[in-house]
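Please look over the sequence and the model before reading on.

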Amino acid sequence: MIVTMIVVAEVGFWVLLVGGLSVRYLLRRPRAGAAILMCEPVLELALLVATAIDLRDGATASTRHSLAAMYIGFSVAYGHYTMTWADRHFAYRFAGGPKPAKPPKYGMARAAHEWKMWLRTALGAGIAAGLLQLAIWFVDDPDRTAALRDMQAPMGMVVGIWLLVAVSYTLWPKKDPAGPAGGGHGVDAESGVERRPAWQQAVERVTHRDR
């Protein structure tokens, strides 16, 4: 039952997301679309209740219960981010909205992006680990909750690995191949001024002196 509920919750999330955005932009009814999107947390609540009932009825905790906690945790942490991403692309495709900006790839802007993603991951893992611990206390039977305890450590490992990724981009920021060293075009991340090849800058200086 729990695995089925997880699948239903995942499918339901995307059905509500597409349905809400379609109502908002295609039918031009933003309030109704927002109301549909607001129903999404009900899916996580239903999954949480189903898991609690299953454990209360005497089921021995297994991987499926741990997956339910992980799904809820990461849905909470990444749900708004995913909705915002989908909303911007939907608005661009069907409502004449601006083209969504892609995540930064280089420099400290990329490092800042990785730190934000790490915070979301840490939040999701923290919620999942917290739900697992609540389930352990709720059942109050070490023999029936061994699988839940075994999944708490991997949550910390996921957060630790993502932390290393964020730190690496901070200490060794990825350089733009179109930057000054490459002599190509691009936009300076700090000043926002367009970069030009050295030869073009030299020509512009000579032209400016001749005026």
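## Terms and basis

Axes are lines fitted to C-alpha atoms, for helices over the stretch in contact, and angles run from 0 to 180 degrees between N-to-C directions. Helices are DSSP runs (H or I, at least four residues), numbered from the N terminus.

The model is a predicted one, in which local features need pLDDT of at least 70 and side-chain atom pairs count only at pLDDT 80 or more, while totals for chains, interfaces and linings use all residues. Residues are numbered from 1 along each chain as its sequence is written, and side-chain values use heavy atoms, with hydrogens and water left out.

## Helix α4 with α6

Helix α4 and helix α6 (residues 146-171) pack at an angle of about 35°, and their axes lie 9 Å apart. Their crossing is right-handed, a term used when the near helix is turned clockwise from the far one by less than a right angle, anticlockwise being left-handed. The contact (heavy atoms within 4.5 Å) includes M70, F74 and Y78 of α4 together with M151, M155 and W162 of α6. By class, this contact has 8 nonpolar, 3 polar and no charged residues, where Ala, Val, Leu, Ile, Met, Phe, Trp, Tyr, Cys and Pro count as nonpolar, Asp, Glu, Lys and Arg as charged, and the others, Gly among them, as polar.

## Helix α4 with α5

With α5, helix α4 packs at an angle of about 145°, the axes being 8 Å apart, and the crossing is again right-handed. Among the residues in contact are G73, F74 and A77 of α4 and G124, A125 and A128 of α5. The residues of this contact divide into 15 nonpolar, 5 polar and 1 charged.

## Helix α3 with α4

The axes of helix α3 (residues 40-56) and helix α4 (residues 63-94) come within 10 Å and cross at roughly 170°. The two helices are therefore roughly antiparallel to each other, a description kept for angles over 145 degrees. Their crossing is left-handed, and the contact includes E40, E44 and L47 of α3 and S75 and M83 of α4. Its residues divide into 7 nonpolar, 3 polar and 4 charged.

## The second largest pocket

The second largest pocket is lined by 16 residues, of which Y81, R88, A101, P103 and H113 lie nearest its centre. Helix α4 gives the most to this lining, with 6 residues, and the lining residues divide into 8 nonpolar, 4 polar and 4 charged. On a 1 Å grid over the protein atoms alone, a pocket is an open set of points where a 1.4 Å probe fits, with protein on both sides within 12 Å along at least five of seven lines, and lining residues have an atom within 4 Å of a point.

Definitions and conventions
Parallel < 35°, antiparallel > 145°, perpendicular 65-115°, else oblique.
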